[in-house]
Amino acid sequence: MTPSGLPTPPQFLLRIILILVLILTTLPTYKSLPSHHDDHYAFSLSTFNPQGRLLQVEYAAKSASLSVPLVGYLTSTTCVLTRPLSVPSPDLRPTYPRVFKLTSKTMTSYTGIPSDFAHLTHSVSSSVLQWRSEYGEEMPVNVVAFEVAKFMQGHTMKPGVRPLGLCVLVGGLDVSGSPRLFQINSAGDVTEGTAFVVGGANFNAEDVKRATNTVEGG
């Protein structure tokens with residue numbers, strides 16, 4: 001110690017070095033605060049994160065991708081929707097149909113959460129019945145597909161609800177008798193095509209191959 005009671009220069013420098021080391025070792029924690037701060041965007045349905053993403057919608061799509069695969073394709077005269085039967089026992093069957101008939105010419109199936117699909121088909125079935133009541137004819141398959149999309153997209157905007165953990169295929173015959181097939185994802189995006197394989201991220205090619213050999217709808 002010096003006569004004035006101050007630390008000797010070596011001790012003083014050592015303390016400064018220790019303080020600088022402590023500051024430098026804590027800097028990564030402070031730098032990571034913004035990313036942790038952004039975590040609250042993951043719990044918001046209607047708020048975009050700084051990267052312009054709606055994380056809850058992405059999580060819903062991820063949920064659908066992990067479910068049993070669904071295969072849909074068109075033939076020259078009809079539409080086929082099929083998926084492998086994946087249950088612990090052959091004596092067990094799902095409590096809700098895997099392929100749901102919305103009109104005499106339109107059917108739908110899904111990959112994702114069964115209860116979400118039940119909620120979806122209940123609502124769309126009401127719209128289908130209302131269409132028949134107003135126009136005296138069945139709702140065309142393309143209109144059915146967009147009704148499904150409208151319902152799913154609505155669940156990405158309303159407070160108090162969450163996106164549906166589904167990817168849905170809607171297929172059937174249009175007014176001219178030609179087969180058509182549509183895919184609708186959790187965000188409500190609609191894609192028309194001739195063949196789709198959705199879901200099945202945890203399934204191998206043999207599972208999907210078995211699906212194409214077990215037709216559940218046509």
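Tutor: Helix H3 passes helix H4 in a right-handed crossing, a term for the case in which the near helix is turned clockwise from the far one by less than a right angle. The model is predicted, with local features needing pLDDT of at least 70 and side-chain atom pairs pLDDT 80 or more, while totals for chains, interfaces and linings use all residues. Residues are numbered from 1 along each chain as its sequence is written, and side-chain values use heavy atoms, without hydrogens and water.

Student: Why are H3 and H4 called oblique to each other?

Tutor: H3 (residues 114-135) and H4 (residues 141-154) pack at an angle of about 135°, and their axes are 10 Å apart. Angles under 35 degrees count as roughly parallel, over 145 as roughly antiparallel, 65 to 115 as roughly perpendicular, and the rest as oblique. The two helices are therefore oblique to each other.

Student: Which residues of H3 meet residues of H4?

Tutor: From H3 come His 119, Leu 120, Ser 123, Val 124, Ser 127, Val 128 and Trp 131, and from H4 come Val 143, Val 144, Glu 147, Val 148, Phe 151 and Met 152. Contact means heavy atoms within 4.5 Å. By class, nine of these residues are nonpolar, three polar and one charged.

Student: How many salt bridges does the structure hold, and what makes the pair of Arg 162 and Asp 116 a salt bridge?

Tutor: The structure holds four salt bridges. The term requires a side-chain nitrogen of Lys or Arg within 4 Å of a carboxyl oxygen of Asp or Glu. For Arg 162 and Asp 116, the closest N and O atoms are 2.8 Å apart, so the pair meets the definition. Arg 162 lies in the loop between H4 and strand S5 (166-173) and Asp 116 in H3, so the pair ties together parts that are 46 residues apart in sequence.

Student: How do you know whether Asp 116 is buried or exposed?

Tutor: Buried means under 20% relative accessible area, exposed over 50%, and partly exposed in between (1.4 Å probe, protein chains only). Asp 116 has 6% relative accessibility, and therefore counts as buried.

Student: Why is Thr 75 called partly exposed, and which residues does Thr 75 touch?

Tutor: Thr 75 has a relative accessible area of 34%, so Thr 75 is partly exposed. This residue is placed in the loop between strand S1 (70-74) and strand S2 (79-82). Leaving out residues up to four places away in sequence, Thr 75 touches Val 80 and Pro 179. Thr 75 and Pro 179 are 104 residues apart in sequence, yet 7.6 Å apart in space, C-alpha to C-alpha.

Notes
Axes fitted to C-alpha atoms, helices over the stretch in contact; angles between N-to-C directions. Helix = DSSP H or I, 4+ residues; strand = E, 2+ residues; numbered from the N terminus. Nonpolar A, V, L, I, M, F, W, Y, C, P; charged D, E, K, R; others polar.
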